[in-house]
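This note is for a colleague who is meeting the structure for the first time. Its points take up the domains, their interface and the ligand site in turn.

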Amino acid sequence: MSLEPNENTHAPRKVVIGVAGGIAAYKACHLVREFTEAGDEVRVVPTPAALNFVGAATFEALSGQPVDTGVFSRVDEVQHVRVGKEADLIVIAPATADTIARIAAGRADDLLTATVLVATCPVVLAPAMHTEMWENPATQDNVATLRRRGLTVLEPARGRLTGTDSGAGRMLEAGQIAEMARTVLEAGAYTRSLEGIKVVISAGGTQENIDPVRFIGNRSSGRQGFALADIAAHRGAQVTIVAGDTDALDTPPGAEIIKVRSTREMKEAVDTAAVDADIVIMAAAVADYRPENEAGSKLKKGQADDALSTLRLVENPDILKGLVDKRNAGETSAAIVGFAAETDNLLEYGKAKLKSKGADMLMVNSVAGGAVFGETRNSGWLIGRGGETQEIADGPKHVVAARIWDAIEEMTENRQ
Ligand code: CTP
């Protein structure tokens, strides 16, 4: 999910990367790279404790800028005010329990906290600490305070911590943090607007076996579905991803992933998860047909029945349509959002598809010439039940996901 060097479409931004004293400080080096390679000007501001983990020389070399930790360095330049005032974005990674507490208390006892106190730009924190510290009511209260004030506190991942233990509190990967921070710049700070909401998202392509070595598949990467899941998780939703074939994508924090292969497997997983879901998004590229018979051994060329050249296909179930039927039968009350990949006549085909499937909303995007699949950007139109349309401007898939969620939230609020 990291930003490719040649994808820089914006003017250089002044990015402050704050680094607090935790073992995840080493990952901040990768984060500096994420931004410098995108053409941004990066200033690293570690806390004094962070330098126990990574030396100032490393950050200076990576950023090409001086590294100070105290409010009394470069006093002639009024640095403790200037760095925060000039910043377009501040990302603190890792954000330890102590640094979060000091920011929540409005302290300014080192250059990093002074910089945050001065800043009016977006501030994004990527927490990293032991599970007990993360779950402690003191930390949770501080996080809630920062969120209420409009700072974005990302969710930590679950996984291996400093020692042999594992749990919630592991810092997200540098690519994930950079992606979320760029989304905040374009789409605004995350609110916890999906707290208490259960969301099911299908992503990636399904595959249908021909024989043990061949299958019918498609070029979907799963990126848009995972971006939708990532935004939902950060807005506080309980997220289940039903994933077909996807690129190696980072797991959104807290999300449950159910891996499937065929359309029928995906249908079973989506149907089960949808029973108590509030919102289902079918972002997967579903194989419409499967071979009538899956051969148990590898098919050979030129066999008597010539099974390969006359492959007979049968239609797969339509998962989205099936969900709408289930809702009509009272088996789920979820809002249902579909996707449509079209090469031409986007709005016309999109409106017809929304109607024939009975979904509440459809995101239609153009896949002419292979666009979208595997790309990091997307664009298209959102179509509502009444035929109303909203253009989704070209942007990174996370930004597109944030816009789609804004529209879904508006739609579900209006339904209540
Ligand atoms: N979909 C589904 N089950 C299928 C096929 C599609 O649930 N068997 C869902 C997709 O996940 C998507 C929407 O239906 O949300 C539209 O998918 P798309 O492939 O664009 O449409 P199709 O119904 O397959 O129609 P066509 O390929 O003929 O355009």
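**Notes on the domains and the ligand site**

1. The protein chain is assigned two domains, domain 1 (14-187) and domain 2 (198-415), with bounds taken from an automatic or database domain assignment. The model is predicted, so local features need pLDDT of at least 70 and side-chain atom pairs count only at pLDDT 80 or more, while totals for chains, interfaces and linings use all residues. Residues are numbered from 1 along each chain as its sequence is written, and side-chain values use heavy atoms, without hydrogens and water.

2. The C-alpha centres of domain 1 and domain 2 are 36 Å apart. Their contact (heavy atoms within 4.5 Å) involves 13 residues of domain 1 and 12 residues of domain 2.

3. Between the domains, about 1100 Å² is buried, 64% of it from carbon and sulfur atoms; buried area is the accessible area (1.4 Å probe) that two parts lose on being put together, summed over both. Gln 176, Met 180 and Glu 186 give 41% of what domain 1 buries against domain 2, more than any other three residues.

4. The ligand is surrounded by 14 residues (a heavy atom within 4 Å), the closest being Met 282, Ala 284, Leu 320, Lys 353 and Lys 357.

5. Which ligand atom lies 2.7 Å from an N or O atom in the side chain of Lys 353? It is an oxygen atom of the ligand. A ligand nitrogen atom lies 3.0 Å from a polar backbone atom of Ile 319, and a polar side-chain atom of Asp 318 is 3.5 Å from a nitrogen atom of the ligand.

Terms used. A polar contact is a pair of N or O atoms within 3.5 Å; within protein, one must be able to donate a hydrogen and the other to accept it, and residues adjacent in sequence count only if both atoms are side-chain atoms.
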